[in-house]
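Here's a quick briefing to read with the model open beside you. Have a look at the fold first, then work through the points below.

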Amino acid sequence: MTKIELNKYRNVLEAKHAEIMRLVRNRDGIAIERSSDALDEVQQATERELAIRNLDRDSNLLRKVGAALRRIADGDFGVCLHCEENISPKRLAAVPWAGFCIRCQEIADQTHGHSADDLVASWVNAA
Ligand SMILES: [Zn+2]
């Protein structure tokens, strides 16, 4: 991958990182609001649950974006974490923080109850 391409991905990833940070911060403000109304409380509990789920998803993504930025710094960006093949440019354009080539991602997706990150852990542990 050329330096220009790497810079492009770094810009995209840094923008994404900032965007998620903003989202997470804004949501924190909403989540701590309290109401004495019982009906509101039920609704707020639901919203809190949703917020926590979103937060989960966002922090997951944040971790992936951060890891991708580290891979750019380390010089192994765009290489599959599992099989060490190059990740296709098309896939990186769609998912710049992708850590796996499409083949390994499909295997990860098919494995029930495991995120791709868990799979990496089990692969690393097995090695
Ligand atoms: Zn792979």
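Let's start with Leu 92, which is buried at a relative accessible area of 0%. Keep in mind that this is a predicted model. The chain has 127 residues, and 25% of them count as buried.

**Around Leu 92**
- Leu 92 sits in helix α3, which covers residues 89-94.
- Tyr 9 is 83 residues away from Leu 92 in sequence, yet the two C-alpha atoms are 8.5 Å apart in space.

**Overall layout**
- You'll find five helices and zero strands here.
- Going along the sequence, that reads as α-α-α-α-α.

- Which residues of helix α4 are buried? They are Cys 104, Gln 105 and Ala 108, in a helix that takes in residues 102-110.
- Looking down the axis of α4, the buried residues fall within an arc of 100°, so they line one face of the helix.
- Turned away from that buried side is a face with the exposed residues Ile 102, Arg 103, Asp 109 and Gln 110.

- Is Glu 47 buried, partly exposed or exposed? Glu 47 has a relative accessible area of 41%, so it counts as partly exposed, since that class lies between the 20% and 50% cut-offs.

Methods. Residues numbered from 1 in each chain as written. Predicted model: local features only at pLDDT ≥ 70, side-chain atom pairs only at ≥ 80, totals over all residues. Heavy atoms only, no water. Buried < 20%, exposed > 50% of the residue type's maximum accessible area, 1.4 Å probe, protein only. Helix = DSSP H or I, 4+ residues; strand = E, 2+ residues; numbered from the N terminus. Arc of directions from axis to C-beta.
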